[in-house]
Amino acid sequence: MDTDKVKIYGARVRVDSMAKVAEIETAEKEKMREKVQKIITHGINCFINRQLIYNFPEELFADAGILSIEHADFEGIERLALVTGGEIASTFDNPESVKLGHCKLIEEIMIGEDRLIKFSGVEMGQACTVVLRGASQHVLDEAERSLHDALCVLSQTVNDTRVLLGGGWPEMVMAKEVDDLARKTPGKRSLAIEAFSRSLQAIPTIIADNAGLDSAELISQLRAEHHKQKSNAGIDVISGSVGDMEKLGISESFKVKQAVLRSATEAAEMILRVDQIVTCAPRRREDRM
């Protein structure tokens with residue numbers, strides 16, 4: 001929607017009077033008017049373009065009561081077409097074959113010093129955009145990674161709705177069972193089983209350390225609680241003590257927890273299988289004049 005001039009590199013049009021220039025400009029305007037009319041026949045009230053929209057077609061859209069939005073980013077327009085139920089059109093000759101998108105409200109909002117266009121009440125269910133703001137790029141990058149991890153956990157939980165209690169409860173339950181197995185196992189294998197039990201207890205220890213709590217004290221209390229029957233004890237980082245995870249409503253995805261255990265176990269096994277390290281001799285540097 002920027003221009004309909006002859007888009008051929010190096011093309012020139014020679015005229016012998018200003019009247020001819022006026023005729024060319026009039027022809028360009030008529031061509032743009034026809035294009036705008038084709039768009040209007042789609043029966044829309046909002047037109048979104050990825051590139052620039054010149055003043056003349058913008059005036060034609062305004063006269064027809066159509067809101068025009070220019071410079072829409074490519075990724076945003078793809079998501080917008082998905083949630084509004086429409087499709088991105090590159091030609092306007094067949095209005096009957098174009099699928100239009102729908103939403104209830106289009107408004108311009110201010111977030112800080114940035115102006116954004118918000119689409120509310122989209123056709124294809126509910127969708128939202130998360131706006132991250134921070135003091136520096138490092139803070140933003142860390143927030144984006146954290147949000148991405150949370151969304152990945154949420155998507156896995158939707159696929160597999162099974163959940164476990166959080167706060168280090170699963171690791172302490174597994175560590176207790178593994179420790180009981182180690183005591184029943186004769187020979188050197190019991191040492192490996194005990195080591196696996198200690199590694200499981202490292203997870204609640206890290207949770208306590210990250211919260212700035214006394215991990216040694218909390219893990220000892222947690223171990224004592226889990227020797228009771230059907231204990232739901234875990235680390236409550238808010239109060240800095242051992243709490244009931246079921247009453248607090250702290251849970252985590254079963255599928256994510258299963259993937260973490262499997263990947264960590266496979267990584268440890270892979271390291272233990274390394275029996276020799278083969279290093280290549282350094283490449284000789286040729287003498288150059």
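Here are some notes on the predicted model above, point by point.

1. Ground rules first. This is a predicted model, so local features need pLDDT of at least 70 and side-chain atom pairs count only at pLDDT 80 or more, while totals for chains, interfaces and linings use all residues. Residues are numbered from 1 along each chain as its sequence is written, and side-chain values use heavy atoms, with hydrogens and water left out.

2. The aromatic cluster. Phe47, Phe61 and Phe92 form one aromatic cluster. Rings of Phe, Tyr and Trp (its six-membered ring) are paired if their centres lie within 6.5 Å; planes under 30 degrees apart are stacked, over 60 edge-to-face, and the rest tilted. By that rule there are 2 aromatic pairs. Phe47 and Phe61 are stacked, because their ring centres are 5.1 Å apart and their planes sit at 25 degrees. That pair links distant parts of the chain, with Phe47 in strand S1 (residues 46–48) and Phe61 in helix H2 (residues 55–63), 14 residues apart. For helices and strands, read DSSP runs numbered from the N terminus: H or I of at least four residues, and E of at least two.

3. The other ring pair. Phe47 and Phe92 pair edge-to-face, at 6.4 Å centre to centre with 65 degrees between the planes. Phe92 lies in the loop between H3 and S3 and Phe47 in strand S1, so this pair ties together parts that are 45 residues apart in sequence. On burial, the cut-offs are under 20% relative accessible area for buried, over 50% for exposed and partly exposed in between (1.4 Å probe, protein chains only). Phe47 comes out buried at 8% and Phe61 buried at 0%; Phe92 is buried too.

4. The largest pocket. It holds about 1,400 Å³ of space. On a 1 Å grid over the protein atoms alone, a pocket is an open set of points where a 1.4 Å probe fits, with protein on both sides within 12 Å along at least five of seven lines; lining residues have an atom within 4 Å of a point. Grid points are joined across faces, edges and corners, and the volume is the space filled by probe spheres set on the points. The lining has 37 residues, with Arg79, Ile117, Cys128, Thr129 and Val130 nearest the centre. Elements giving two or more residues to it are helix H3 (74–84), strand S3 (103–111), strand S4 (114–122) and helix H4 (137–159). S4 gives the largest share, 8 residues.

5. By class, the pocket lining has 21 nonpolar, 9 polar and 7 charged residues. Here Ala, Val, Leu, Ile, Met, Phe, Trp, Tyr, Cys and Pro count as nonpolar, Asp, Glu, Lys and Arg as charged, and the others, Gly among them, as polar.

6. Cysteines. The whole structure has 0 disulfides, taking a disulfide as a pair of cysteine sulfur atoms within 2.5 Å. For Cys103, the closest cysteine sulfur is in Cys46, 7.1 Å away and too far for a bond. Cys103 is partly exposed at 27%, and Cys280 is exposed at 76%.

7. Two residues to look at. His71 has a phi near 55 degrees, a positive value in a residue other than glycine. His71 is in the loop between strand S2 (67–69) and H3, and counts as exposed at 53% relative accessibility. Ser197, in helix H6 (residues 189–210), is buried at 3%. Setting aside neighbours within four places in sequence, Ser197 is in contact (heavy atoms within 4.5 Å) with Ala175, Val178 and Asp179.
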